[in-house]
Amino acid sequence: MLRDITIGQYYRADSLLHRLDPRVKLFGTLVYVITLFLHKSPVNYVMSLIFLITVIAISKVPVSYIIKGLRAIAVILIFSVLINMLFIEEGKVVIDIGWIQITDEGLETAFYLGTRLIMLVLGTSLLTFTTTPNQLTDGLEKSLGFLNKIKVPVHVMAMIMSIALRFIPVLTEELDKIMKAQTARGIDFESGGLLKRVRSMVPIVVPLFIAAVRRANDLAMAMESRCYHGGEGRTKLRPLVYGKRDLAAYAVLIIFTIWMIYLSFYSPWR
Amino acid sequence: MSIRLENVSYKYDENTKEKSYALKNIKLEIKKGEFVGIVGHTGSGKSTLIQHLNGLLKPSGGKVFYNERDIFETGFPLRELRGKVGVCFQYPEYQLFEVTVLDDVCFGPMNFGKTRQEAEEISRRALLDVGIEESIFHKSPFELSGGQRRRAAIAGILAMEPEYFVLDEPTAGLDPAGRDQILNLLKELHEKKGIAIILVSHSMEDVAACADRVVVMSHGKILYDGDKREVFSHEKELKEVGLSVPFYRSLAGDLRERGFMIREDVLTLEETKDAIMDILRKKRNNA
Amino acid sequence: MPILNIKNLIHKYMTYDDSEKNQEIRAIDDVSFSVEKGEFIAILGRNGSGKSSLAKHINGLLLPTEGAVYVKGMDTRNQEEILQIRQSAGIVFQNPDNQIVGAVVDEDVAFGPENMGRPTEDIWRRVTKALEDVGMTAYKEASPNRLSGGQKQRIAIAGIMAMEPECIILDEPTAMLDPQGRQHVLSLVKELNQEKNITILMVTHHMEEVLLADRVIVMQEGKIAADGTPKEIFSQVEKLKKIGLEVPPAAELAYELRKEGIPLKDQIITKEELVEELCRFV
């Protein structure tokens, strides 16, 4: 079940998007998210949508695979759309079923919110689909390098993140094993009140936690033995170097941003 | 009184094709009081197989019977079955979680409705059975040595008082002394308490030394199932699927090829020594 | 100059139990030996005999309480040379999952050279070569999570090989592997020793693995209990049993037969040797 979640995973393919420098992709994601929330005019939406569809097409990640990522947020999505639909009372009532009254403004807000959320998830998940965890952390480390000056340990944070990503599948498997073992010992997850159910998690959580600590300890030793001594003087197998296509991508992104700002604040269609 | 698998198949992923069968048409019956060794390499399906014995996995095809009752029919007390068929997975010490060793062993019996007092009594006995002394009962599991932790975890299953005790590689990672302790324990549980033991192992030596019956698995199917001496007589076929026969069996084969006509079905040190001595004595008497 | 030189090494640590009695434990108790370049040494001992602590000392992961450890003449207590020591004598651990840092195979193998600050082209050369050495080139872009235990362990060895060490220490590298995985790792280790002249120190409690070595050091309660060739060591059946160690089955059977008065020659440790010897009697 845990394996079904595609969001946040890397999808191996050979596309322009995969080959772009992670810093460009991080910048692109940032621009996309900001412009998505700039203004709610239909023109903006159409522009963001065109941007998203183009990028998905370039990425060579199957659309069905990307859509699967939505499953993870389905509950949140439906919930927030319903809340908006039901509780916004301004505007003209368009649907009236007894105590449920839905207004045109409610519908509009719910529609914008829903599409915004979907586009947000699809767009950002494209970043992780096309960028390996290591590239991602490298990109973050380099992009945020300026924070080093104010004593933020950027390298350490990036390393922590990449190790966390590396160990998620390992610990998922561990969790699966522990659950099976405790089920074989007759653990009862189903019956009893809330307190009893929470307590039935202890035999799962404690061994998982201990396993994580044990692995962390081993890994720290293995890293040290392979000459790890922090970020200082460290070189890279795949250093981040901007190529022509990265610069071109930056140019496209900047033009897109300016265009979106123009559309939102200065254009006649805003 | 038995656990019986009838044409059990298991697919990893319901949606995928032929290739992903972990088990294919398994027919296997294990009777009360038996000592069965299951061998095969990683991916042969033996770990998947044992998870069917206590209903942790549901077969994609076929049925599992416990005392002739289908364990997946509605109303079958599946959780109770897990008390009757104890399964001890690989590296069981990693599932210890309580503050003291004794508390941890009590976890199983209390899940099956025993009072704290009853559970403690059973657990004490189980711990003594696996060779853990009173003085350690109230220590934290994490203060114990690797071998002790393993035995404490085994006691945790034993305290559920199972009729069938399934162990997946219980000696993995232990040193020879630790391994012998576990194997002797299994023999004792089988002989003195009449518990049926199902031992999954990579080690042909371990299986040959303990089990009466051997099941050989390969690619999700049962290749051989029978008396250990009969099964280990298929040296050539076992080698073809990448498995070996116990050292002494293989030695006897080599000796016979060289004209040293020792009996072929030896499996242990004692048997081999006696067989060799028989021949040498006869030679001496004839000379 | 010996590649490793261990002089009167003592490693102490304290344990605390409920009764507040602090106990001083000597995990390693006055151990001395040296290793020449190109040797293949097996360190044999029960769990808790101090053999794993010894391995960690050679890599400078533990530091001596007393005595000293020299790798190529460098003292592990000298913090300035510690990186040099770790490149020269790399260590492979038991659990294959817990020593892989990278999310992609080649990125993991590159971890050591990256830490050493090698230029990018040199890292690529090392990674390519190390993966070739362990026979895992085909998996260079795979995710380590999809590999078998034996394959993961070969990646871990490649990670060390990429630092171009002279010596590799392996701390029970096969304990968590199945027989196939174990076989692959062992033949790789043997090959690195014979073809690349890498000095090998392998900690183990499997006697079949010990037979690959040129020299065996037996540890018991923190001390060296025996040091010699596998033949010399394994013919001392009684002594090994007393320590709680396994004896190769051929050696054990030969020992039992000798006790019955059969005049078998000394130092039989393999099946072939035993068959050969027994056939003299028919």
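Me: In which sense do strand 4 and strand 5 of chain B pair, and over how many bridges?
Reply: Two strands count as paired when DSSP finds at least two bridges between them, a strand being a DSSP run (E, at least two residues) numbered from the N terminus. Here strand 4 (residues 61-66) and strand 5 of chain B are antiparallel, with two bridges. Within this pairing, B:Tyr66 lies opposite B:Arg69 of strand 5 of chain B. This is a predicted model, in which local features need pLDDT of at least 70, side-chain atom pairs count only at pLDDT 80 or more, and totals for chains, interfaces and linings use all residues. Residues are numbered from 1 along each chain as its sequence is written, chains are lettered from A in the order in which they are written, and side-chain values use heavy atoms, without hydrogens and water.

Me: What is the strand order of the open sheet in chain B?
Reply: Its four strands run 2-1-4-5 in chain B, with antiparallel pairing. Strand 2 (21-31) and strand 5 (69-70) of chain B are the edges, each pairing on one side only.

Me: Which domains does chain A have?
Reply: Bounds come from an automatic or database domain assignment. For chain A, this gives domain 1 (1-131 + 240-270) and domain 2 (133-238). Counting contact as heavy atoms within 4.5 Å, ten residues of domain 1 of chain A and twelve residues of domain 2 of chain A take part.

Me: How many salt bridges are there between domain 1 of chain A and domain 2 of chain A?
Reply: A salt bridge needs a side-chain nitrogen of Lys or Arg within 4 Å of a carboxyl oxygen of Asp or Glu. Between domain 1 of chain A and domain 2 of chain A the count is zero.
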